[in-house]
Amino acid sequence: SAVGTARHFLRDDDLTPAEQAIILDLAAQMRADRFAHRPLAGPRTVALLFDKPSTRTRISFAVGVTDLGGSPLTVDAQTTHLGRGEPIEDVARVFDRQCAAIVWRTFAQDNLEAMAAASTVPVINALSDTFHPCQILADLETIRQRLGSLSGRTLAFIGDGSANTAHSSLLGGALAGMHVRLATPVAYQPEPAILARARQIAATTGGSVEVLADPIAAAKDADALATDVWTAMGQEAEHEQRLAALRPFGIDSHLLSHAAAAAIVLHCLPAHRGAEITAEVIDGPHSAVWDQAENRRHVQKALLAFLLEEGERRR
Ligand code: CP
């Protein structure tokens with residue numbers, strides 16, 4: 001195939017609402033029958049490239065690729081020349097001749113754009129500073145699994161509104177026709193262009209997007225409360241400042257009591273009990289975090305199958 005025919009997943013809105021629904025349906029099938037789909041049989045190799053640490057993404061992609069009949073090749077960037085400044089485009093050309101897809105956890109979203117622009121095989125964002133779209137597919141799959149539907153339900157993200165998971169919750173939730181509420185301090189607002197894009201999508205799907213300063217108003221009657229770490233990878237120098245600003249935005253039993261009676265609580269993990277979420281909540285009956293972590297595997301398998309098939313169709 002040629003550059004330009006591959007279908008990539010660099011941000012949530014690289015999928016249409018209909019495509020997102022197809023992937024979530026396929027993920028549920030894959031959860032029910034783990035080895036029924038084998039698009040990577042051969043085995044074909046999928047490169048899993050990490051510029052940052054990972055537990056869940058690493059294991060869920062490695063196990064998922066194996067489930068699909070393929071062979072995962074996990075590479076830490078610091079052990080390659082990419083970590084020493086080799087041009088991304090050159091790395092893409094080496095990987096795409098030997099791998100069926102490239103999964104990359106990196107810093108700048110531009111890195112992913114550069115990789116995708118030079119690659120003949122799908123490039124998948126496994127977390128960047130701006131988006132974490134595989135995570136939000138898993139969050140949506142978990143809400144559907146636990147509550148039965150997405151459209152019209154309310155997802156309240158409480159915490160750092162400028163986090164990659166907040167941005168992806170805005171876009172991914174809007175694509176699913178959800179009412180997305182973001183409760184965040186003034187200093188941690190989402191990127192305006194991403195917020196505007198989420199509102200544009202919500203206008204077409206029947207969803208809505210609100211940014212609030214009051215976590216209780218955001219949590220009121222919500223179907224799902226979500227949060228993320230307050231100090232992400234690369235932000236360690238800001239830790240104390242972040243703790244001070246975000247302290248009123250922790251998820252505890254009091255905040256949860258304002259949500260719907262059957263509400264679930266999501267955290268993409270790793271968690272800091274006593275900071276963004278209390279132990280009582282994350283280890284309590286409303287928590288869906290272990291289903292959420294497992295669903296990473298199912299949605300990523302469905303995503304890989306979808307992108308590979310799309311690439312074949314477009315070739
Ligand atoms: N949620 C998530 O991406 O976890 P890891 O950083 O462990 O991969």
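**View 1. The crossing of helices α3 and α4.** In this predicted model, α3 passes α4 in a right-handed crossing, a crossing being right-handed if the near helix is turned clockwise from the far one by less than a right angle, and left-handed if anticlockwise. Helix α3 (residues 88-96) and helix α4 (residues 109-118) pack at an angle of about 50 degrees, and their axes are 8 Å apart; axes are lines fitted to C-alpha atoms, for helices over the stretch in contact, with angles running from 0 to 180 degrees between N-to-C directions. That angle makes α3 oblique to α4, since angles under 35 degrees count as roughly parallel, over 145 as roughly antiparallel, 65 to 115 as roughly perpendicular and the rest as oblique. The contact is made by I88, E89, A92 and R93 of α3 together with N111, A114, M115 and A118 of α4, where two residues are in contact if their C-beta atoms, placed from the backbone, lie within 7 Å. Of these residues, five are nonpolar, one is polar and two are charged (Ala, Val, Leu, Ile, Met, Phe, Trp, Tyr, Cys and Pro count as nonpolar, Asp, Glu, Lys and Arg as charged, and the others, Gly among them, as polar).

Residues are numbered from 1 along each chain as its sequence is written. Because the model is predicted, local features need pLDDT of at least 70 and side-chain atom pairs count only at pLDDT 80 or more, while totals for chains, interfaces and linings use all residues.

**View 2. The open sheet of four strands.** The strands follow the order β2-β1-β3-β4, and their pairing is parallel; helices (H or I, at least four residues) and strands (E, at least two) are DSSP runs, numbered from the N terminus, and two strands pair if DSSP finds at least two bridges between them. At the edges are β2 (71-76) and β4 (123-125), each of which pairs on one side only, and the twist from one strand to the next averages 20 degrees. Strand β1 (residues 45-50) pairs with β2 over six bridges in the parallel sense, and T45 stands opposite S71 in β2. Helix α2 (residues 56-67) packs on this sheet, where α2 touches β1, β2 and β3 (101-105) and its direction makes about 155 degrees with that of β2.

**View 3. The open sheet of five strands.** Here the order is β7-β6-β5-β8-β9, again with parallel pairing, and the edge strands, β7 (208-212) and β9 (264-267), each pair on one side only. Strand β6 (residues 179-183) runs parallel to β7 and is joined to β7 by five bridges, R181 having E210 of β7 as its bridge partner. Helix α5 (residues 133-147) packs on the sheet, touching β8 (224-227) and β9, and its direction makes about 160 degrees with that of β9. Helix α7 (residues 192-205) also packs on the sheet, touching β6 and β7, with its direction at about 145 degrees to that of β7.

**View 4. The packing of helices α1 and α5.** Helix α1 (residues 17-32) packs against α5 at an angle of about 65 degrees, with the axes 10 Å apart, and the two helices are therefore roughly perpendicular to each other. The crossing of α1 past α5 is right-handed, and I23, L24 and A27 of α1 make the contact with L137, L140, E141 and R144 of α5. These residues divide into five nonpolar, no polar and two charged.
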